[in-house]
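Welcome! Please take a look at the model below, and then we can walk through it together.

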Amino acid sequence: MNILSKWLREYLPALDVDDRQLAEDLTLRGIAVEGVHALPDGGHLFEMDITTNRVDAMNHYGIAREAATIYGVPLLQLEDRRVVHAELGNVDVPAADAAASGYPVRIDAPEFCGRFTAQVVRGVTVTASEGLIAERFAQLGQKPISNAVDVTNANWLAMGHPTHVFDLDTLEGSIVVRRAHAGEKIKLLDGSEKTLTTDDLVVADEKKALGLAGVMGGWDSRVTETTKNILVEAAWFDQAAIRASSRRHGLHTDASHRFERGADLGACALANRLVTHGVIAACGGEAVGAMTDVVIPEAELRTTKRPHVLLSVDQVQRLLGTTIAAGESGHLVPPDLIEQYLQALGCHLRPSSEPGSYAVTLPSWRLDLEREIDLIEEVARVYGYNRFADTLPSFSGGVAALPNAAKEDTVRSVLRSLGWTEAISSTFCSEEDAAFFAAPGETAVPMGNPLSAEAGMLRPSLLPGAAGMLLLNSTRDVRAVRLFEYGTVFTGSTASVVERPSLTLAAYGDAAATKTIAASDALFFELKGAVEEVISHFVTAPVTFRGDALPQWIEAGRGARVVAGDTTLGWLGELTIAERERRKLKETVVLCELQLPALFAHALKQPLALEPSRFQAVERDFSFLFADTVTWANVDAALRGLGIAEMISLAPVEIFRDAKGKAVPQGEYSLLLRTVFQSQEHTLREEEITAWQESVVGALLNLGGKHRAA
Amino acid sequence: MTDTIASLSAYDDASLDQAFRGLTDEVRGAAAQLSTAETQENFRLDWLGRKQGRLKLLSESWLKTAPPEAKKSLGMRFNALKNEIEAALAVEPAGTKSTGPSIDLSLPGIRRNIGLEHPLTRTMREMTAVFAALGYSVGVGPEVESDFYNFEALNFPPNHPARDTQDTLVVADQDTKPLRERLLMRTHTSPVQIRSMIESAPPLRIVIPGKVHRNDESDATHSPIFHQVEGLCVDTNITFSDLKGTLDYAMKAFFGSSVKTRFFPSFFPFTEPSADVQISCPFCGQKGCRKCKYSGWIELLGCGMVDPAVFAAVDARRIENGLEPAYDTKKISGFAFGMGVERIAMMKYGVGDIGQFYSGDLRFLSQFV
Ligand SMILES: [Zn+2]
């Protein structure tokens, strides 16, 4: 919305700040001037950005009232007509026929129309506007239509109340404000035809609908160049009714904008008089008969006759706190300023029976003011937010950490230190991905208004996002990727959505073979190592990696279920070749998803220092051939089963297979195994070590191993 | 070098001084010659060698045979001599012997890649830490919320446009439920404020980082997925000036002590009075730059005093849940504030396209060291 500073100043003869200062002061009080543009006439165009709750300030007079309040200067009454009308000729109120009866008006839908005023003007000449109105419309970018219609628009720009002019000679009988008949048709001013419902409100005559009330006038009753006689309408319509009507018909007009946010019921008569004056000044003619004014008492109770609000000075000061102004008692907003501001805004204050309180009557143009807090806000706003001090509340109570904060930190920092970078992906995924990646037995929840077809579901797993991010990196030629995401996943149904935190790891590229792990398996084992490291920070039952009950996204034989005790913590493995091909992923990729509630059910390990042994550790290596069917878990279990407390370490050092079957027969592998023995109590004796060595060899032979030279 | 040690004949100070003066001279003479690591090592072995070192031999032939009353003065002189030797050894010889050909110092070191924190996580962590220092606990809540927590209790009227599916992402099949039970993607982290107040009586100080969603078109600065950090402080007699002071402090802590704040009236359903907060541009010191659109100021926060209607909704639910009402607006007041994490991270790190945060593009993410 645009405002002309010169127009504004016509209401504020005593204002003595320049336009730029005015713009800044208004902005600091919530009447935001977004742009100030110099005009050739020496004034400025203010580009306003006013919050929707302040619909009363979306016009020149409303902003003038704000300025008058801020500066404490007098605000002229609109009736003083020092505005557009004055420049067009000094026209007096049509008093001659005031006693005669006005145009008949009937309100048949009092729940939708709270007030309707009508005034007949006869003998007008409708042409194009000229002079000041045309000039100001040009400055404001307001489209001129005809001198009669432009007066209504000028009045709307001046005071914000929408009005309408009818060609009186198209009317058949009384004005009737009623609900539309179901299926009733009307052609509107923009030329569109609308089919109405009984929830639409129309201004009609005895025979037909004339216009869609509060939204747009009708085509057939519009004022044209041949119009000789006019009926001026200024009315008040219910907010909800106009909002619904405007939405229903896709019509957002200046009138509907105001009515649906709350117009001023108290301003109808004034608006009608001002428009009547304007029409006579611009188009000639004369007012005939009195102005009809029909008011619905129930509507008055909601607007002009609202109950007063109790305002306590103590509550104002208690809530707003300390000011920076010196000389104000106790550095709180003083009562005389509270009175001054609220009165300037149009409130009436009188002392209430409660000490230190006012009974405040609210202005009819400020339907946004309803409660004590609304008045407190007005005081703070006009006083100026930046004139309050910066204080800090005293501290009471302790700082509570979230129950899982330390666990979450541990997971993130462990992964980062292992080279995994954190990513964040979309909360949504396609139906296809949801079905493919959801954990066994879980269902995904559909969205009602998805962002796109590919985002139709709440993600039941972080894996769709992870797979997508790997593909993005792959297509951008990133050689190796290690990503993790810590986020929320959603399962259940549209009746009840279950949320839980989840962790995914996703990787491809750059995994090197070691002496125990072949290059083709290295990526998986790097992932497994990361998962083991994360879990190792928690006090869990022994963790195993099992090949059974795997989800469908894992390539057969290339992944595992992570189990602690009896609880599944998650899954990891290579994405199936079929899915990789479907996604056009060039690389072998590995993915993991951990169910964090299952992991977080366990406590974090607390460090506990043990005295390192003072006695020497002894290493013994063993070299065996095993059939491929013997796993490391078998070896590990067999040796741990020996129950040698002094065997403090047991690890594969080298694993070798020979595809040609020369050094190692096919179907077998050689294992170099390293054990370390150490006692907390004494230096190990040669005979002890020899005995353990023999037990180890015996156990490995029992597994079917063939002993090679150590 | 002497292998045999002359025995001492007398233990008076003069005799001892004389005997030790000769040794000290010898040490100093040898020390002056120590130019290489090798000569230094030989000197060390000669004097301090464990088995054949002269100090050891001296100690055996002199100290052990000395009468008890002379041992103290002998010991003192031994220590002085030993200090002299050690001081000579402490000096680095000029050309230290090297163990191989010199290395190419310019080759890159062996580095393990470390993973990096996401810039949004980092921004949320840093912002949260500022408020933790002011006594705020961290609060979290669900991302799928009911209308009650996301709108109703926050004083959004039933016909408020924010509820429209053009603005809010909703879960499918909600139309048959009562309005307040309908499920949607939370549009702000404010529902956590409601949940916290229903759960706990004041005093309450929480800071709420989290992911939120709106039905927005994506462009360089807008994303339907984004993050917020919100805060809530409720106690007896919390004032608007407390809100100002808290946010002024927080912005200085986060952006630097020279940052200034200014407050403008604004409108939010759940706060009154409400304010938008601008900070003086920390990137150009208010000289004007692209980040502040050459205005010297950046709008960063929305905030306000908790609306009494919010407290009323909280107390109503507390009563339904069998709890005592605890938010009497005659005694209790509070403030709330919120900021967009992406916007702050974009400014701070110079990110041009918001979509990069959610791309998983390692080339982007690996910059946030
Ligand atoms: Zn700047």
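How many salt bridges are there between chain A and chain B? The count is four, where a salt bridge is a side-chain nitrogen of Lys or Arg within 4 Å of a carboxyl oxygen of Asp or Glu.

## About the model

This is a predicted model, in which local features need pLDDT of at least 70 and side-chain atom pairs count only at pLDDT 80 or more, while totals for chains, interfaces and linings use all residues. Residues are numbered from 1 along each chain as its sequence is written, chains are lettered from A and ligands numbered from 1 in the order in which they are written, and side-chain values use heavy atoms, with hydrogens and water left out.

## Where the chains meet

In chain A, 73 residues are in contact with 82 residues of chain B (heavy atoms within 4.5 Å). The two chains bury about 6000 Å² between them, with 56% of it on carbon and sulfur atoms; this is the accessible area (1.4 Å probe) that two parts lose on being put together, summed over both. A:Arg318, A:Tyr385 and A:Ile424 supply 12% of the area that chain A buries against chain B, more than any other three residues.

One salt bridge joins the side chains of A:Arg371 and B:Asp307, at 2.7 Å from N to O.

## The zinc site

Now to the metal. B:Cys281, B:Cys284, B:Cys289 and B:Cys292 coordinate the zinc ion through their SG atoms at 2.2 to 2.3 Å. Donors here are N, O and S atoms within 2.8 Å of the metal (3.2 Å for Na, K and Ca); water is not among the atoms, so sites may look incomplete. In sequence, the donor residues follow the spacing C-x2-C-x4-C-x2-C.
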